[in-house]
Every structure is written in C-alpha cells, then in structure tokens.
Amino acid sequence: MYHIKQDKRAEASVELICAGLMDCLMKKSFADITISDIQRSSTVSRSTFYRNFDRLEDVLSLMCDRVFEAAFSSGAGETRERVFSAWFKNEKLIETIVQINRGDLLFESLRRSAGKFGRFPGLERGSELYNYLISIIASTMMGIIVTWVERGKKEDETELKAVIGQCFAALVAFGIV
C-alpha cells in the first residue's frame, strides 16, 4: 500500500521514486530491481521510500492510479479513447505489470478510479448493479491489456481499438450481450 502525505516534500520524494523506478525498468527487469537500486536512481533514502511505500509493487500501484486519474480527468474525447491513449503513453508500466503477473494492480486501480467515470444513466453510484458494471469494465480492460502485451504489443492504438470493436460486435452477434 502507498501512503503519501499531502505536502510538497513528500510529493517531490514520490516523484523521484517513480522516476527512479522507471529508470531502473529501462535497465533491468522488475524482479531484479531492489530498493537500493531505487535509492541510487532516485537519490531518496531507504526510510523515505518506506515512509511512502510498503514495497516496490506499491509504486506500480500508484503509477497505475495516476494513469487512470489522468485519463478520466481529461475532458476531451470518449473515455475509452482517453484510457487507451494514456496506456499507450505508459507502455513500459503496463508491460511490467503483465510480466510480473500483477494484472490485479490494473483491476484494482480502475475500480478505485470508478468515481471519475461519470454517471451511468439509471445506475446509482455504489449500487449493486453499478459495482458489477465497474467490475465488468475493469476485468475487460485488464484482459485486453494483458492479451495485448502477451501478444507482443503487435497492434498500434488504432488497430487495437478496431479489434476490440470487432470483439464487442461478435459478442452481440453471438447473443452474449
């Protein structure tokens, strides 16, 4: 879990840690990265790291939350377009999450961001149906991202959106939705 105080010094340290992790990911796999590596790359102390994060995966979780937050807070275009665009800009992050088999980070991050989705006509936020809908959206998005990475990220953003559209059309044609 991450626990970041709302002060400028803590926020600056967290930015250094996130940048340090991304720098390390360009050099080696997540499994090979240590807190000491993050310290060297980010220039923050071990105690500063642990003041803000319990473990390295928590940095990934925060970064996922930030990607979704940025996608949902931007008002231009459809939500789907903004989310895909945000993920394509953060390719290394999602690739890392898939490689370490932590798709749950994507799923939980999207669920936490659900309040930024906006309103669904006829659904009260927090209702049973609303919660199921958010879970379906999060599961679908996580599955798409994982499959895309596992396939070697062959499709660009436009091609992937087209494939997804075809898949949803097939679901309708088969009477699944």
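**Overall fold**

Begin with the cartoon view: the protein has 9 helices and 0 strands, where helices (H or I, at least four residues) and strands (E, at least two) are DSSP runs numbered from the N terminus. Read along the sequence, the pattern is α-α-α-α-α-α-α-α-α. This is a predicted model, in which local features need pLDDT of at least 70 and side-chain atom pairs count only at pLDDT 80 or more, while totals for chains, interfaces and linings use all residues. Residues are numbered from 1 along each chain as its sequence is written, and side-chain values use heavy atoms, with hydrogens and water left out.

Along the principal axes, the C-alpha atoms fill a box of roughly 55 × 35 × 25 Å. Of the 177 residues, 39% count as buried; buried means under 20% relative accessible area, exposed means over 50%, and partly exposed lies in between (1.4 Å probe, protein chains only). The protein exposes about 10100 Å², of which carbon and sulfur atoms supply 55%; accessible areas come from the Shrake-Rupley method with a 1.4 Å probe, and for residues only the protein chains shown count as cover. Among contacts (heavy atoms within 4.5 Å) between residues at least 6 apart in sequence, 62% join residues at least 24 apart.

**The nonpolar core**

Next, select L21, I38, F49, V59 and W87 and show their side chains. These residues have the most contacts inside the largest nonpolar core, which has 44 residues. A nonpolar core is a set of buried Ala, Val, Leu, Ile, Met, Phe, Trp, Tyr and Cys residues joined through side-chain atoms within 4.5 Å. At least two residues of this core come from each of α1 (8-25), α2 (35-42), α4 (56-73), α5 (79-89), α6 (91-99), α7 (103-112), α8 (128-150) and α9 (157-173). The most is given by α4, with 10 residues.

Centre the view on W87. Leaving aside residues up to four places away in sequence, W87 touches C64, V67, F68, L93, I94, L106 and I145.

Colour α8 separately. This helix has 23 residues and reaches 33 Å from its first C-alpha to its last, close to the 33 Å expected at 1.5 Å a residue; the expected span is 1.5 Å times one less than the number of residues. To see its inward side, select Y130, I134, S135, A138, M141, I144, I145, W148 and V149, the buried residues of α8. They pack against α4, α5, α6, α7 and α9. Just after α8, G152 takes a positive phi of about 85 degrees.

Then move to α7, whose buried residues are G103, L105, L106, F107, S109 and L110. Their packing partners are α4, α5, α6 and α8.

**Salt bridges**

Side chains of opposite charge can pair when their charged atoms come close. The structure holds 12 salt bridges, each being a side-chain nitrogen of Lys or Arg within 4 Å of a carboxyl oxygen of Asp or Glu.

Select R112 and D65 first. Their salt bridge has its closest N and O atoms 2.9 Å apart. R112 lies in helix α7 and D65 in helix α4, so the pair ties together parts that are 47 residues apart in sequence. R112 is partly exposed at 44% relative accessibility, whereas D65 is buried, with a relative accessible area of 9%.

Now select K28, D37 and R40, which are linked in a network of salt bridges. Between K28 and D37, the closest N and O atoms are 3.0 Å apart. K28 is partly exposed, at 34% relative accessible area, and D37 is buried, at 10%.

Finally for this section, select K161 and E157, whose side chains meet in a salt bridge (3.7 Å, N to O). Both lie in helix α9, 4 residues apart, about one turn of the helix. K161 counts as buried at 18% relative accessibility, and E157 as partly exposed at 22%.

**A nonpolar surface patch**

Which residues form a nonpolar patch on the surface? Switch to a surface view and select V172, F174, I176 and V177, which together have about 470 Å² of accessible area. Patches are made of residues with over 30% relative accessible area and no salt bridge, with like charges joined within 9 Å and nonpolar side chains (Val, Leu, Ile, Met, Phe, Trp, Tyr) within 5 Å. F174 is found in the segment after α9 and counts as exposed, at 65% relative accessibility.
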